[in-house]
Each structure stands twice: as C-alpha cells, then as structure tokens.
Amino acid sequence: MATTTKRRTLRLIDDLDHTRTSGSQVVLYGPAVHDLYVDEANRVLSLPDLIRSYCTSRNIGLLSYRMETGPLAQVTLQADGATPKAGANKQPSGRFIRPRDDEHPAQTISRMINDLKATAQPSILFLDYADLILRHDGPNDLGTAALIETVQALVENSAEWSRVGLQVILCDRGGGIVPRIPSPPGIKSIALEPPEAIETAVIW
C-alpha cells in the first residue's frame with residue numbers, strides 16, 4: 001500500500017512536537033531558514049511567524065528576541081480556549097523585558113530566560129539570528145560567555161526545564177553557532193531543507 005509523505009512544514013511541526021515531548025532544546029539551521037512555510041491551516045508564513053502559529057495552535061506562550069527588535073512578547077495564548085487574547089499575553093510571565101541602557105544582548109536574553117523560569121506558563125523562547133550573538137568565530141566577551149553558560153545549563157538540565165513546559169529554540173541564519181551549544185544530547189538540531197513540489201505549489 002502506498003504511503004503519503006508529509007510536506008516539509010508539517011514534518012517540521014512534528015519535529016517540534018517531538019522535541020517538546022522529549023524535553024529537548026532546539027537549534028534550527030540549514031539552507032531554508034529564510035524560506036516561506038505553509039502551516040497546518042495552509043497559511044504562507046515566514047519562519048518566525050510559523051513559530052508563532054505553532055505556539056498559538058498549542059496554547060504555548062512565546063517570547064522572542066532578535067538584535068533588530070529586542071525582546072518581543074507574542075500574542076499566542078488562548079482566552080478560555082477560544083481566540084488569542086492580547087491583554088493576557090504581554091509576555092508568558094505577564095511582564096515586559098526591556099533592554100537596559102548599554103546592556104549587552106546576551107544579558108537581556110539571560111534575563112528573559114530567568115523571567116521564564118519564574119512563570120508556570122508553558123512557553124517557548126525563540127532566539128532568532130542566534131548566530132549573530134553566539135557566533136562560532138566571534139570574540140567571547142563576558143556577556144556572551146555568560147549566555148553560553150546559561151544556555152548550556154539549560155541543555156544539561158532539559159528534563160527540569162521541560163517539566164514546566166519551557167523550551168528554547170535557537171535559529172542559526174547561516175553564520176554558525178558556537179559549537180559547544182548544538183552538540184550536547186539535550187539539544188536537537190533540525191535541518192531546514194528547501195520545499196518539495198507540493199509545498200512550493202501552495203506558496204507560489
């Protein structure tokens with residue numbers, strides 16, 4: 001009997017479900033990190049918007065960070081099982097994280113991680129362009145070194161972190177992340193490949 005292979009985005013969603021079940025942290029990388037994706041509702045989305053769609057469909061809080069925008073609290077939590085409620089999700093913990101004056105990005109992210117630890121709300125911290133902060137070939141100043149240590153501690157204690165429904169997703173946009181982070185067993189590296197014909201037809 002013939003088997004039907006799921007299209008690319010649905011396989012990625014399955015992979016994300018599996019990492020949450022297994023308690024793994026995630027690194028997304030590969031030639032398709034800048035592609036458009038087609039979610040479960042056949043919406044064409046960028047990768048950050050796909051992560052938001054994923055969190056919304058599973059009622060997971062989402063806090064994201066990128067150098068350009070800083071910390072962003074995404075609206076993903078459901079209001080009484082219905083539609084996302086803006087007022088209920090300033091951030092998974094109910095507080096905004098604002099960069100302090102002259103604060104290193106790594107220090108901001110470390111505060112975001114600590115803030116998530118203080119909440120009981122299952123949430124994802126999505127670090128986009130993580131390769132610009134945790135560069136494999138960059139200078140490891142004190143702020144970056146502290147963040148590497150924080151992320152490694154999360155990976156080494158993934159069972160405890162995931163027990164309360166928390167997860168970190170790092171997106172490597174092509175520059176490469178410091179090797180010490182993607183290698184431990186507590187983290188799952190997911191390669192994003194170009195779409196097959198069936199998904200390309202939906203996008204274009």
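Biologist: Which residues of helix H2 (residues 47-57) are buried?

Modeller: Buried means under 20% relative accessible area, exposed over 50% and partly exposed in between (1.4 Å probe, protein chains only). In H2 the buried set is Leu 47, Leu 50, Ile 51, Ser 53, Tyr 54, Cys 55 and Thr 56. Helices (H or I, at least four residues) and strands (E, at least two) are DSSP runs, numbered from the N terminus. Just beyond H2, Asn 59 has a positive phi of about 55°.

Modeller: Please keep in mind that this is a predicted model, in which local features need pLDDT of at least 70 and side-chain atom pairs count only at 80 or more, while totals for chains, interfaces and linings use all residues. Residues are numbered from 1 along each chain as its sequence is written, and side-chain values use heavy atoms, with hydrogens and water left out.

Biologist: What is the mean pLDDT of the chain?

Modeller: That score is the predictor's confidence in each residue, from 0 to 100. Here the mean is 81, and 83% of the residues reach 70 or more. Residues 83-91 fall below 50, though in the model this stretch has 23 contacts (heavy atoms within 4.5 Å) beyond near neighbours in sequence. Where pLDDT is low, the predicted coordinates should not be read in detail.

Biologist: How many residues has the largest nonpolar core?

Modeller: Such a core joins buried Ala, Val, Leu, Ile, Met, Phe, Trp, Tyr and Cys residues through side-chain atoms within 4.5 Å. The largest one has 26 residues, and Leu 170 and Ile 181 have the most contacts inside it. Two or more residues come from each of strand E4 (61-66), helix H3 (105-117), strand E6 (123-127), helix H4 (142-156) and strand E7 (166-171). Apart from this core lies another of 21 residues, including Val 33, Tyr 37, Leu 50 and Phe 126.

Biologist: And which residues does Ile 181 touch, leaving aside its neighbours within four places in sequence?

Modeller: Ile 181 is in contact with Leu 134, Ile 148, Val 151, Leu 170 and Ile 187.

Biologist: What about the cysteines Cys 55 and Cys 171: buried or exposed?

Modeller: Cys 55 is buried because its relative accessible area is 0%, and Cys 171 counts as buried at 0% too. The structure holds 0 disulfides (pairs of cysteine sulfur atoms within 2.5 Å).
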